[in-house]
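Please look over the sequence and the model shown here before reading the notes that follow, which are grouped by topic.

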Amino acid sequence: MCVTAKAVAGTPEEALIPAPTISLRNLFEVVVESLTNFVDSVMGHDGQIYLPVVASMFIYIFINNVFGLFPGFSPATDNLNTTLSIGVFSFVLYNVEGVRAHGIAYVKHFLGPLIWLAPLMLPIELISQLVRPLSLGLRLFGNMTGDHTVLSIFLNLVPLGVPIIFYGLGLFVCFVQAFVFSLLSMVYLSMATAHDH
C-alpha cells in the first residue's frame, strides 16, 4: 500500500497551516527544524545541504552503539574496522566537498597563509588531515568498548538493580559518542567548505 504525500499532509495549503492539536507530524517538524538550526549554527553556512548526511551518520552510530546495551549483542562500534571506516567516510566527504566548493584552490589551504611557509606547512597540514579519520575512529572505538566493558562487568557482579544505573549511563554515552562524531564531522565540513580562506 503506497502512502502519498497528500494523504500525510493534505493539500499544499493544509500542509502550511499547523495542526490545531499535537500530532506526529508536528513532533517531526520540531525535531527537523531544531536539527537544521543546530547544523546551521555549527557550520555557519550550507547546513541544510549537509543535514541529511550528518543526521544519517548520527543515527547509524547511535543505533550501533545502543545494540551493545542488550545482553548478548556486540555492537558494530566495538569493532575497529567499523569505526575507522566511518572515520574514513567523514574524511572523504569533507575533502570531496572542499574540492567541490573551491576547485583546485582547495589545495591552497594546505600550504598556509604565506607562500614561503608552504614547505613547513604542507607536511604539518597533511599529517593533521590524515590523523583526523584515525582519531575519529579510535575515539569512538575506545569509548564504546570501555562503556560496554563496564556494563558487562557490573552485569556479572550484580545482575539485579545496580546495572540499571549503568544502562542509563551507557545510553548517555551512546548518545554523546554519536553526537561528538557528528559534531566533529560538521566542523571538518565547515572548515573545508568555508569561503573565507
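## Briefing on the predicted model

S85 is partly exposed, with a relative accessible area of 41%, where buried means under 20%, exposed over 50% and partly exposed in between (1.4 Å probe, protein chains only). This is a predicted model, in which local features need pLDDT of at least 70 and side-chain atom pairs count only at pLDDT 80 or more, while totals for chains, interfaces and linings use all residues. Residues are numbered from 1 along each chain as its sequence is written, and side-chain values use heavy atoms, with hydrogens and water left out.

**Positions and separations**

- S85 is placed in helix α5, helices being DSSP runs of H or I with at least four residues, numbered from the N terminus.
- Between the C-alpha atoms of S85 and L134, which are 49 residues apart along the chain, the separation is 9.3 Å.
- A15 belongs to helix α2, residues 12-16, and counts as partly exposed at 31% relative accessibility.

**Salt bridge**

- One salt bridge is found in a search of the whole structure, the term meaning a side-chain nitrogen of Lys or Arg within 4 Å of a carboxyl oxygen of Asp or Glu.
- That contact joins the side chains of E97 and R100 at 2.6 Å, N to O, and both residues lie in helix α5 (residues 80-102), three residues apart, about one turn of the helix.
- E97 is buried, with a relative accessible area of 12%, whereas R100 is exposed, at 55%.

**Largest pocket**

- The largest pocket has a volume of about 240 Å³, a pocket being an open set of points on a 1 Å grid where a 1.4 Å probe fits, with protein on both sides within 12 Å along at least five of seven lines, and lining residues having an atom within 4 Å of a point.
- Helices α3, α4 (47-67) and α7 (163-193) each supply at least two residues of this lining, and the largest share, five residues, comes from α4.
- By class, the lining has eleven nonpolar residues, one polar and no charged ones; among its members are L35, F38, F58, F179 and S182.

**Nonpolar surface patch**

- L24, L27, F28, V31 and L35 make a nonpolar surface patch of about 480 Å², patches of this kind being built from residues with over 30% relative accessible area and no salt bridge, with nonpolar side chains joined within 5 Å.
- L27, one of the patch residues, lies in helix α3, residues 24-43.

Note on methods: Patch = residues over 30% accessible without salt bridge, like charges linked within 9 Å, V, L, I, M, F, W, Y side chains within 5 Å. Areas by Shrake-Rupley, 256 points an atom, 1.4 Å probe, with all protein chains shown as cover. Points joined across faces, edges and corners; volume = space filled by probe spheres on them. Nonpolar A, V, L, I, M, F, W, Y, C, P; charged D, E, K, R; others polar.
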